[in-house]
Amino acid sequence: MSLRDMDWLNRQVYRIDRDHAVLRALDNMPEHLNGVVNKTWNSAGRLHTPEDHMLNAVLGLVGEAGEVADIHKKVLYHTKKDRREELKLELGDVAYYWLKLLYLNGFTIQEVLAANREKLTARYPEFFGGQL
C-alpha cells in the first residue's frame, strides 16, 4: 500500500470515528437536557409563563448563534488566532437552547432529525437516490 493510500485510509477511519462520536453524543442529549439544561433553566426566577420560557429559548438560541457567527467573523477578518475553544463553548450554548426548544415544543431529537432528513430528501432527491 502506498503512502498516499495509507493517508486516504487514515482519513476515512478518522471520519468514521468522528461520525460515531457524534452519534454517541446525540444519545447523551436527553441526559444533558435533564441533568444540565432543566436544572439551570430558570435560575434567575424571571420566567413565569409558557411564553416567557419559549421566548427565552428562541432569543437565547438566536443570540448564541450570533456569537458563533462572530467567532467566525473574527477568524476571517480580524486575527487568525485559534478560537476553537471559544467556538466549543458557544456551540454548547447553542445546544442548550436548541434542546430546551425541543423540550418546550414536545419534540424528540429523533423526530426533528427525521423531519429534517425528509425535508432535505424532498428538496435534493439526487443526493438520496430518491429514497427517505
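The model is predicted.

Several α4 residues are buried, among them Leu87, Glu90, Ala95, Tyr96 and Tyr97. Leu99, Lys100, Leu101 and Leu102 are buried as well. Their cover includes α2 (29-40), α3 (50-77) and α5 (109-123). After α4 comes Gly106, with a positive phi near 75°.

α4 also supplies the largest share of the lining of the largest pocket, seven residues. That pocket has a volume of about 230 Å³. Its lining consists of Met29, Arg84, Glu85, Leu87, Lys88, Leu91, Gly92 and Ala95. By class, four are nonpolar, one is polar and three are charged. Leu87 and Ala95 are buried in α4 and also line the pocket.

Asn42 sits elsewhere, in the loop between α2 and α3. Leaving aside residues up to four places away in sequence, Asn42 touches Leu47 and His53.

| Pair | Atoms | Distance |
|---|---|---|
| Asn42 and Arg46 | polar side-chain atom of Asn42, backbone nitrogen of Arg46 | 3.1 Å |
| Asn42 and Asn56 | C-alpha atoms | 9.7 Å |

Asn42 and Asn56 are 14 residues apart along the chain.

Technical notes: Residues are numbered from 1 along each chain as its sequence is written. This is a predicted model: local features need pLDDT of at least 70, side-chain atom pairs count only at pLDDT 80 or more; totals for chains, interfaces and linings use all residues. Side-chain values use heavy atoms; hydrogens and water are left out. Buried means under 20% relative accessible area, exposed over 50%, partly exposed in between (1.4 Å probe, protein chains only). Helices (H or I, at least four residues) and strands (E, at least two) are DSSP runs, numbered from the N terminus. Contact means heavy atoms within 4.5 Å. On a 1 Å grid over the protein atoms alone, a cavity is a set of points where a 1.4 Å probe fits but cannot get out, and a pocket is an open set with protein on both sides within 12 Å along at least five of seven lines; lining residues have an atom within 4 Å of a point. Grid points are joined across faces, edges and corners, and a volume is the space filled by probe spheres set on the points. Ala, Val, Leu, Ile, Met, Phe, Trp, Tyr, Cys and Pro count as nonpolar, Asp, Glu, Lys and Arg as charged, and the others, Gly among them, as polar. A polar contact is a pair of N or O atoms within 3.5 Å; within protein, one must be able to donate a hydrogen and the other to accept it, and residues adjacent in sequence count only if both atoms are side-chain atoms.
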